[in-house]
Amino acid sequence: MSKALTYKQRQELTIKRGKTTPKNADLILVDRSGSMSSTAIGGKSRINCVREALAPFKGRAHVLAFDDSIEEVDCDNIPNPRGVTLLGKAIKFAIPLEPLHVLVMCDGYPTE
């Protein structure tokens, strides 16, 4: 099991990538695992449904896209599906941020 980063360490790491989610923000956890490429109702992929739903929040929402890794992204930059659904890992990553609210957008098939 890997050691969790402190908030300061994580902040330093994400500043290098140009995206930092502040403490006490509203947070959206987006599943970007391989199953999110499956077709949803209406013929669109699940990940494209999520992208469309988040589009109005560009620049206002704090998003963590997760599979077997976690990436802080903007609403208009949700990565393509890959990997497995490690929801627990994403939640553990989010805890030090002390979010006010958390919205999980997932297809309901966590790996763990």
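1. Cys-49 is partly exposed, its relative accessible area being 27%, where partly exposed covers the range between buried, under 20% relative accessible area, and exposed, over 50% (1.4 Å probe, protein chains only). Cys-106 is likewise partly exposed, with a relative accessible area of 29%. The structure holds 0 disulfides, a disulfide being a pair of cysteine sulfur atoms within 2.5 Å.

2. A word on the basis of these remarks: the model is predicted, so that local features need pLDDT of at least 70 and side-chain atom pairs count only at pLDDT 80 or more, while totals for chains, interfaces and linings use all residues. Residues are numbered from 1 along each chain as its sequence is written, and side-chain values use heavy atoms, with hydrogens and water left out.

3. The sheet is open and has 4 strands in the order 3-2-1-4, with mixed pairing; strands (E, at least two residues) and helices (H or I, at least four) are DSSP runs numbered from the N terminus, and two strands pair if DSSP finds at least two bridges between them. Strand 3 and strand 4 (101–105) are the edge strands, each pairing on one side only. On average, neighbouring strands of this sheet are turned by 25° against each other, direction ignored, with axes taken as lines fitted to C-alpha atoms, for helices over the stretch in contact, and angles running from 0 to 180 degrees between N-to-C directions.

4. Strand 1 (residues 26–31) pairs with strand 2 (residues 62–66) in the parallel sense, over 5 bridges, and within this pairing Leu-29 stands opposite Leu-64 in strand 2. Helix 2 (residues 46–54) packs on the sheet, where it touches strand 1 and strand 4, and its direction makes about 160° with that of strand 1.

5. The largest nonpolar core has 13 residues, of which Ile-28, Val-30, Val-50, Leu-54, Val-63, Ile-78 and Met-105 touch the most other members; a nonpolar core is a set of buried Ala, Val, Leu, Ile, Met, Phe, Trp, Tyr and Cys residues joined through side-chain atoms within 4.5 Å. At least two residues of this core come from each of strand 1, helix 2 and strand 2, and the largest share, 3 residues, is that of helix 2. Apart from this core lies another, of 9 residues, with Leu-27, Leu-64, Phe-66 and Leu-97 among them.

6. Two residues deserve a look at their contacts, contact meaning heavy atoms within 4.5 Å. Ile-78, when residues up to four places away in sequence are not counted, touches Val-30, Ile-47, Arg-51, Leu-54, Val-63 and Val-73. Ile-70 is placed in strand 3 (residues 70–73) and counts as buried at 17% relative accessibility. Leaving aside neighbours within four places in sequence, Ile-70 is in contact with Leu-64, Ala-65, Lys-89, Ala-90 and Phe-93, and the C-alpha atom of Ile-70 is separated by 9.5 Å from that of Arg-32, 38 residues apart along the chain.

7. The structure holds 6 salt bridges, each defined by a side-chain nitrogen of Lys or Arg within 4 Å of a carboxyl oxygen of Asp or Glu. Asp-67 forms one with Arg-32, the closest N and O atoms being 2.7 Å apart. This pair links distant parts of the chain, 35 residues apart, with Asp-67 in the loop between strand 2 and strand 3 and Arg-32 in the loop between strand 1 and helix 2. Asp-67 counts as buried at 0% relative accessibility, and Arg-32 is buried as well, with a relative accessible area of 4%.

8. Arg-32 also forms a salt bridge with Glu-71, whose closest N and O atoms are 3.2 Å apart. Here Glu-71 lies in strand 3 and Arg-32 in the loop between strand 1 and helix 2, 39 residues apart, so that this pair, too, links distant parts of the chain. Glu-71 counts as partly exposed at 30% relative accessibility. Arg-32, Asp-67, Glu-71 and Arg-82 are linked in a network of salt bridges.

9. The side chains of Glu-52 and Lys-44 meet in a salt bridge (2.8 Å, N to O). Glu-52 is partly exposed, with a relative accessible area of 46%, and Lys-44 counts as partly exposed at 37% relative accessibility.

10. A last point concerns Glu-98, which is found in the loop between helix 3 (87–94) and strand 4. The phi of Glu-98 is near 50°, a positive value in a residue other than glycine, and Glu-98 is partly exposed, with a relative accessible area of 44%.
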